[in-house]
Amino acid sequence: MKTYRFRKELKTMKFSELKYERPDFEVFKSKLEVMTEAVANATSSEEQVAKIKEAHHYINEIYTCNDLVEVRHSINTKDAFYEQESEYWDEYMPLYLEQMKALEKVLLNSSYRNALEETFSKQYFDILENGEKTFSNLILEEMQELNKLTTEYDKLIASAEIEFEGGTYNLSSMRPFMIAKDRQTRKCASEAYYKFFEEYEAQFDAIFDKMVKVRDRQAKKLGFKNYIEYGYHMMNRTDYNEEMVKVFRKQVLEEIVPVANKLYDKQAKRLGLSKLSYYDIDFVFETGNATPKGDAHFILENGKKMYSELSPETKEFFDFMTENELMDLETKPGKQAGGYCTLISSYKTPFIFANFNGTSGDVDVLTHEAGHAFQVYNSRWIDVPGLYFPTYESCEIHSMSMEFITWPWMENFFGEDVDKYKYEHLSSAIKFIPYGIVVDEFQHIVYGNPEMTPAERKAAWRKLENQYLPHKDYNECDILERGAWWFKQGHIFASPFYYIDYTLAQICALQFWKKMNEDREKGWEDYLKTCKVGGTKSFLEIVEIGGLISPFADGCVKNIIGDIESYLMAIDDSKL
């Protein structure tokens, strides 16, 4: 595959200095029409490639405007200006995308298609073909409505103001109380936390019910059987399908759920409990969970040291991130919940967003989101909108693997609790996979039966929990017993079918854990290779580039879980 150079004329600025100005849609429409015509009228492959690059550069300017609004609005959802701009993009982004489709049609029908695939990658054209199937002006109204409903969900989550022990907290900042050493504190904190979801249960149900019905209508307007079929095309799953995922879920049920159950049994024994309650699940050690030995500044400074020592590539990357203010890590009033990595398109700069809360999750977020950001940083040679990141399951290989690759530096963050952290980090990777399967199968059920009532959806969720997560005991929490845990899982609302990706990637990340234990130099070399191809390769192609076994291959899950189980069961966790 041919590549072309990163645009040297794009000079990086500190994030606070990046200027935002709302574009004029009519100007964009007119200019892109002219560019699209120039691409169509090209008389050679070389000329067409040049014209396409010009159009891509212009499209990136539009994406950059949207990128800046999304980041700044999520940092402060109470900022009136960016709230207004967010509403603008909710309404207009589908219209911008519609204009881009004309260019994509020209590319798909180009007589120079072979040359274009050689330059921009076959994966790009596979994605364009999926886009052709999943986007039409017939569904503009549905896209706009879904954008608004997602914003409504984000604002509802961000609105949480929980009164607890004399303070007022958002959902993220309640986390330390929910894993406190004192069991009564954990219980009371969890009750206060889930009371918010109980108070707004009708709103969460209504938002999701509308989303399901809008998505179902969207899919059927375009000729799909249901949103499941539509969703797989939307997720650009070009080399695996629903049946392969179903087989993978079966492997998890048979091979990983029993190991996860053993880990929960060991946890209950460690805590001196006959059975874990829902507020005990995230409390792992009687002596308290491992926590960073300092504040956000401490974590950032140790992160800088870690990445400077890991490799020359990571040193250059992390220096770039810190020097240009490309991270917003601390929890603040009005800040959107969660964490993410995104891209400021025209500047080829990643941005990391997080909500530090004093738990080990702060370090996990730093390594996880930095894995995403490092991949993007290494993919700056790409000028094609939409190819900076690979497809989601491939993205998560980079982030989840980085969590394990950085293990040698965890003592800097956790001090004497480092063994405790590593045990729980690896255990939680195993415990997570069955949960990820629940999220995925739940969505298959929901979108296969879009007329389900809110109560039926919650019952379906609870049934799946009993199958894959039998340790969950909600006897003391009615709303969770009725199956509403998923209200706080933003992916279910905003990114349907984006979750099996985490479980597939976790299987790959655990292979990197093994690689780094056996030969760090070779393991790092393989990891770096996967970061450099961006989105120009499909999931299974990236798996091969990294020297990994496909999660769909017979025996893959069994082989990996065997190594992990042996490692974990050999540790005397009672001493941690």
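The side chain of arginine 237 makes a polar contact with the side chain of aspartate 501, at 3.1 Å. This contact, like every value below, comes from a predicted model. Arginine 237 sits in the loop between helix H10 (227–234) and H11. Its relative accessible area is 7%, so arginine 237 is buried. Beyond its neighbours within four places in sequence, arginine 237 is in contact with Tyr232, Glu393, Phe497, Ile500 and Asp501. Threonine 391 is 154 residues from arginine 237 in sequence, yet their C-alpha atoms are 7.7 Å apart.

The loop between H10 and H11 also holds asparagine 236. Asparagine 236 is not a glycine, but its phi is positive, at about 55°. Most residues other than glycine have a negative phi. Asparagine 236 has a relative accessibility of 16%; the limit for a buried residue is under 20%, so asparagine 236 counts as buried. Glutamate 165 likewise has a positive phi without being a glycine, with a value near 50°. Glutamate 165 lies in the loop between strand E1 (162–164) and strand E2 (167–169). With a relative accessible area of 58%, glutamate 165 is exposed.

Helix H11 spans residues 242–270. Asparagine 241 caps its N-terminal end. A side-chain oxygen of asparagine 241 lies 3.2 Å from the backbone nitrogen of glutamate 243. The 29 residues of H11 reach 39 Å from first C-alpha to last, close to the 42 Å expected at 1.5 Å a residue. H11 has a kink of about 40° at isoleucine 256. The kink comes shortly before proline 258. Just after H11, glycine 272 takes a positive phi of about 70°. Methionine 244, 309 residues from alanine 553 in sequence, has its C-alpha 9.7 Å from the C-alpha of that residue. Alanine 553 is found in the loop between H23 and helix H24 (556–569). Its relative accessibility is 26%, and alanine 553 counts as partly exposed.

Helix H22 covers residues 520–532. Its 13 residues should span 18 Å at 1.5 Å a residue, and its end C-alpha atoms are 18 Å apart, which agrees. The buried residues of H22 are Gly523, Trp524, Asp526, Tyr527, Leu528, Thr530 and Cys531. An α-helix has 3.6 residues a turn, so residues three or four places apart point the same way. The cover over the buried residues of H22 includes helix H12 (296–310), helix H13 (312–323) and helix H14 (361–377). It also includes helix H15 (392–405), helix H21 (500–518) and helix H23 (539–545).

The largest nonpolar core has 185 residues. Tyr194, Phe197 and Phe493 have the most contacts inside this core. Helix H17 (residues 418–448) gives the most to the core, with 15 residues. Apart from this core lies another, of eight residues, among them Tyr264, Ala268, Leu276 and Phe283. What does phenylalanine 493 contact, leaving aside its neighbours within four places in sequence? The residues in contact with phenylalanine 493 are Tyr153, Phe204, Ile207, Phe208, Met211, Arg215, Trp486 and Phe487.

The structure holds 71 aromatic pairs. One of them joins tyrosine 20 and phenylalanine 81, whose ring centres are 6.2 Å apart. Their planes stand at 70°; over 60 counts as edge-to-face, so the pair falls in that class. Tyrosine 20 lies in the segment before helix H1 (25–40), and phenylalanine 81 lies in helix H3 (residues 80–108). The pair therefore ties together parts that are 61 residues apart in sequence. Tyrosine 20 is buried, with a relative accessible area of 13%, whereas phenylalanine 81 is partly exposed, at 41%.

Key:
Residues numbered from 1 in each chain as written. Predicted model: local features only at pLDDT ≥ 70, side-chain atom pairs only at ≥ 80, totals over all residues. Heavy atoms only, no water. Helix = DSSP H or I, 4+ residues; strand = E, 2+ residues; numbered from the N terminus. Expected span 1.5 Å × (residues − 1). Bend = angle between axes of the 7 residues up to and from the residue. Polar contact = N/O pair within 3.5 Å; in protein donor to acceptor, adjacent residues only side chain to side chain. Core = buried A, V, L, I, M, F, W, Y, C linked by side-chain atoms within 4.5 Å. Buried < 20%, exposed > 50% of the residue type's maximum accessible area, 1.4 Å probe, protein only. Contact = heavy atoms within 4.5 Å. Phe/Tyr/Trp six-rings, centres within 6.5 Å; stacked < 30°, edge-to-face > 60°.
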